[in-house]
Amino acid sequence: MQSIIEIGTIKDVEAWAELRVALWPHHSLEDHRAELGRAFLSESGEAIAFIARNAANEAVGFAEATLRHDYVNGCSSSPVLFLEGIFVRPVDRRKGIARSLCNAVADWGKSLGCVEFGSDAPLENSASHALHTALGFEETQRVVFFRKPLLPRGSPHTS
C-alpha cells in the first residue's frame with residue numbers, strides 16, 4: 001500500500017514529536033515540540049520536513065532536511081541539501097516509506113538548485129549506514145570529533 005507524503009505542518013506537531021522521541025530519545029517530548037516550532041515551522045525557507053501517513057491517516061514516519069551553506073563533509077557545492085533525520089516506525093519499515101520520504105526531500109532540494117544531498121550517521125549506527133546506502137548515498141568519510149576544555153574542570157565558567 002502506498003503511503004501519503006505531505007509537508008509537515010502545525011497540525012502534525014504531536015505525532016511528529018512522538019516519532020522524533022522514538023528516533024532521538026535523549027530529548028524530551030517538550031524539547032522536540034519546541035525544536036519543531038523553531039526549525040521546521042518557522043517558514044525560513046531553509047528547512048523542511050515531510051510526514052508519511054498510512055491509509056488510516058496515522059503519521060508513520062518523517063524526514064527533516066535543511067539547506068546548509070557551510071562546508072558539508074564530502075560535498076563541494078553550496079548550498080547542500082542535508083538530511084537532518086529520517087525515521088519510520090518499526091512496524092511500517094520495509095515498505096518503501098523511507099525511500100518516498102527521501103525522494104520528497106530530494107525533489108525539494110533540486111527545486112532550490114541543490115546538486116548534492118548530504119547526511120550523516122554515528123559511527124556505531126550500522127542500521128543507518130545500511131539505510132543510507134539503500135537510499136543511494138555514498139559514504140565519503142568517517143570522523144571522530146574531539147574536545148578540549150579551555151578552563152579547568154570545576155571552574156565557574158565551565159558549567
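**Fold**

I counted the secondary structure and found four helices and five strands in the chain. Helices here are DSSP runs of H or I with at least four residues, strands are runs of E with at least two, and both are numbered from the N terminus. I then read along the sequence and noted the pattern β-α-α-β-β-β-α-β-α.

The model is predicted, so I kept its limits in mind: local features need pLDDT of at least 70, side-chain atom pairs count only at pLDDT 80 or more, and totals for chains, interfaces and linings use all residues. Residues are numbered from 1 along each chain as its sequence is written, and side-chain values use heavy atoms, with hydrogens and water left out.

**Whole chain**

I looked up the extent of the C-alpha trace. Along its principal axes it spans about 55 × 35 × 30 Å. Next came burial. Of the 159 residues, 35% count as buried. Buried means under 20% relative accessible area, exposed means over 50%, and partly exposed lies in between (1.4 Å probe, protein chains only).

Then I checked the contacts (heavy atoms within 4.5 Å). Among those with a separation of 6 or more, 55% are between residues 24 or more positions apart.

Charges were next on my list. Lys and Arg count as positive, Asp and Glu as negative, and His and the chain ends are not counted. I placed each charge at NZ of Lys, CZ of Arg, CG of Asp or CD of Glu. The chain has 16 positive and 20 negative charges, and their mean positions are 5 Å apart.

**Helix α1**

I went through α1, residues 13-23, for burial. Val-13, Trp-16, Ala-17, Leu-19 and Arg-20 are buried there. Seen down the axis, the buried residues of α1 fall within an arc of 160 degrees, so they line one face of the helix. The arc is that of the directions from the helix axis to the C-beta atoms. What does this set pack against? I found α2 (29-40), β2 (47-53), β3 (59-68) and β4 (80-88) as its partners.

**Cysteines**

I searched for disulfides, meaning pairs of cysteine sulfur atoms within 2.5 Å. The count comes to zero. Cys-75 is in no disulfide; the nearest cysteine sulfur is that of Cys-114, 9.9 Å away. Cys-102 is in no disulfide either, and the nearest cysteine sulfur, again that of Cys-114, is 13 Å away. Is Cys-102 buried or exposed? Cys-102 is buried, at 5% relative accessibility.

I stayed with Cys-75. It sits in the loop between β3 and β4. Cys-75 is buried, with a relative accessible area of 14%. Leaving aside neighbours within four places in sequence, Cys-75 is in contact with Val-80 and Glu-116. I also checked Val-115: it is 40 residues from Cys-75 in sequence, and the C-alpha to C-alpha distance is 9.6 Å.

**Backbone geometry**

I looked for cis peptides. One joins Ser-78 and Pro-79, with omega about -5 degrees. Pro-79 is in the loop between β3 and β4, where I had also placed Cys-75.

Positive phi came next. Asn-57 has phi near 70 degrees, a positive value in a residue other than glycine. I placed Asn-57 in the loop between β2 and β3. Arg-94, also a residue other than glycine, has a positive phi near 65 degrees. Arg-94 lies in the loop between β4 and α3 (97-111). Its relative accessible area is 86%, so Arg-94 is exposed.

**Two further residues**

Where is Gln-2? I found it in the segment before β1 (4-7). Gln-2 counts as exposed, at 63% relative accessibility. Asn-54 is 52 residues away along the chain, yet the two C-alpha atoms are separated by 7.7 Å.

Last, I looked up Pro-122. It is in the loop between β5 (117-119) and α4 (126-134). Pro-122 is partly exposed, with a relative accessible area of 42%. Val-143 is 21 residues from Pro-122 along the chain, with 9.2 Å between their C-alpha atoms.
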